[in-house]
Amino acid sequence: MAPARHVSARTFIELVMATQTVTRATECDFEPASIYNILADTSNLPKWAPVFADAVRRIDDLRHRVTKNGQDFDIEVPLNPAAGTVDYIRGMADGKRGGAYLRVMPRPLGGCTIVMTVPIGPTT
């Protein structure tokens, strides 16, 4: 019997787990509430994510209909102001759900950090 080989967590992740998302962060001098309110207002989506949406119509408090290149699809946008989270979730291939997960966090000396995680395709 061969001795057990130690593999670091990083090596395990690189060898076994395929990358499915990408996360980016940026900082700004605006207060968290002002940035959160822009992200939480779905009518702003075409302004800050034009590759994702040409127009957005509110269906109810949670659901919205997005139009992109003449095609409509529905998204859910759960909001958690206390945690600073705004999620844009839609149906994906094979019945799975995913989307953009955003978080706005205060910086110690003012301003905020914005973090966004989005899915990536298998060829990205």
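Tutor: Happy to! A salt bridge here is a side-chain nitrogen of Lys or Arg within 4 Å of a carboxyl oxygen of Asp or Glu. Keep in mind that this is a predicted model, where local features need pLDDT of at least 70, side-chain atom pairs count only at pLDDT 80 or more, and totals for chains, interfaces and linings use all residues. Residues are numbered from 1 along each chain as its sequence is written, and side-chain values use heavy atoms, with hydrogens and water left out.

Let's start with Glu76 and Arg97, whose side chains form a salt bridge at 3.1 Å, N to O. This pair links distant parts of the chain, 21 residues apart: Glu76 sits in strand β4 (residues 71–76) and Arg97 in strand β7. Helices (H or I, at least four residues) and strands (E, at least two) are DSSP runs, numbered from the N terminus. Glu76 is partly exposed, at 23% relative accessible area; buried means under 20%, exposed over 50%, and partly exposed in between (1.4 Å probe, protein chains only).

Next come Asp29 and Arg107, which meet in a salt bridge at 2.6 Å, N to O. Here 78 residues separate the partners: Asp29 lies in the loop between β1 (21–28) and α2 (32–40), and Arg107 in the loop between β7 (97–106) and β8 (112–119). Asp29 counts as exposed because its relative accessibility is 66%, whereas Arg107, at 22%, counts as partly exposed. Glu27 joins Asp29 and Arg107 in a network of salt bridges.
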